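User: Can you walk me through this model? Keep it quick.
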Amino acid sequence: MAPLIALLVGMTLARLAGLAGVSALDGWHPALRVGLAAMFTLTAVAHFAGERRADLIAMVPPRLPRPGVLVTLTGVLELVGAVGLLVPATARVAAAGLALLMLAMFPANVSAAHRRLTLAGRPVTPLGQRTALQLVFVAAAAAILFGP
């Protein structure tokens, strides 16, 4: 749920800044880019240290090799994508890449739900709810990719 909150709060604050006169944030499209960048920054941080990293490594489907490397790589890609969203010239490419990354990582969420794993000491998000969230996140990236 924290990624959704980061997306909504980041987007709302950016939109308010646009309404307050920050011309670079004037409109829903730039605000959405900021919100999605905030979300990916938040999720990327978990890939690098602490209990959440260990939990993310455990979420990688067992058939995939080197889960620690995969978690690190996806964290780096999320950070690069977040930065790319903030640069108008690269935002569409970043959104496309992040949408593909989310689709590629979704099997880890399915695997984690089926194996009843935990994330930060709590059960992972149930699969139906996780699927709905994933659709919202992919739709946000698609809105950036195909928006104005």
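Analyst: Helices (H or I, at least four residues) and strands (E, at least two) are DSSP runs, numbered from the N terminus. The expected span of a helix is 1.5 Å times one less than its number of residues. This is a predicted model: local features need pLDDT of at least 70, side-chain atom pairs need 80 or more, and totals for chains, interfaces and linings use all residues. Residues count from 1 along each chain as its sequence is written, and side-chain values use heavy atoms, without hydrogens and water.

User: OK, helix 6. How many residues, and what does it reach from first C-alpha to last?
Analyst: Helix 6 (residues 127–146) has 20 residues. It reaches 28 Å, close to the 28 Å expected.

User: Which residues of helix 6 are buried?
Analyst: Arg130, Leu133, Gln134, Phe137, Val138, Ala140, Ala141 and Ile144. Buried means under 20% relative accessible area, exposed over 50%, partly exposed in between (1.4 Å probe, protein chains only).

User: Why are they on the same side of helix 6?
Analyst: They cover an arc of only 150 degrees around the axis, which puts them on the same side of helix 6. The arc is taken over the directions from the helix axis to the C-beta atoms. An α-helix has 3.6 residues a turn, so residues three or four places apart point the same way.

User: What's exposed on the face turned away?
Analyst: Gly128, Leu135 and Phe146.

User: And what do the buried residues of helix 6 pack against?
Analyst: Helix 1 (2–19), helix 2 (28–45), helix 4 (67–86) and helix 5 (91–114). Contact means heavy atoms within 4.5 Å.

User: Switching topic. Where is His47?
Analyst: His47 sits in the loop between helix 2 and helix 3.

User: Is His47 buried or exposed?
Analyst: His47 counts as buried, because its relative accessibility is 7%.

User: What is His47 in contact with, leaving aside neighbours within four places in sequence?
Analyst: Arg53, Leu56, Val71, Thr74, Gly75 and Glu78.

User: Which residues are buried in helix 3?
Analyst: Arg53, Asp55, Leu56 and Met59. Their arc of only 165 degrees around the axis puts them on the same side of helix 3.

User: What covers them?
Analyst: The cover includes helix 4, helix 5 and strand 1 (118–119).

User: How much space lies in the largest pocket?
Analyst: About 1200 Å³. Of its 42 lining residues, the closest to the centre are Leu56, Met59, Asn109, Leu119 and Arg130. A pocket is an open set of points on a 1 Å grid over the protein atoms alone, where a 1.4 Å probe fits, with protein on both sides within 12 Å along at least five of seven lines; lining residues have an atom within 4 Å of a point.

User: Which helix gives the most to that lining?
Analyst: Helix 5, with eight residues.

Notes:
Grid points are joined across faces, edges and corners, and a volume is the space filled by probe spheres set on the points.
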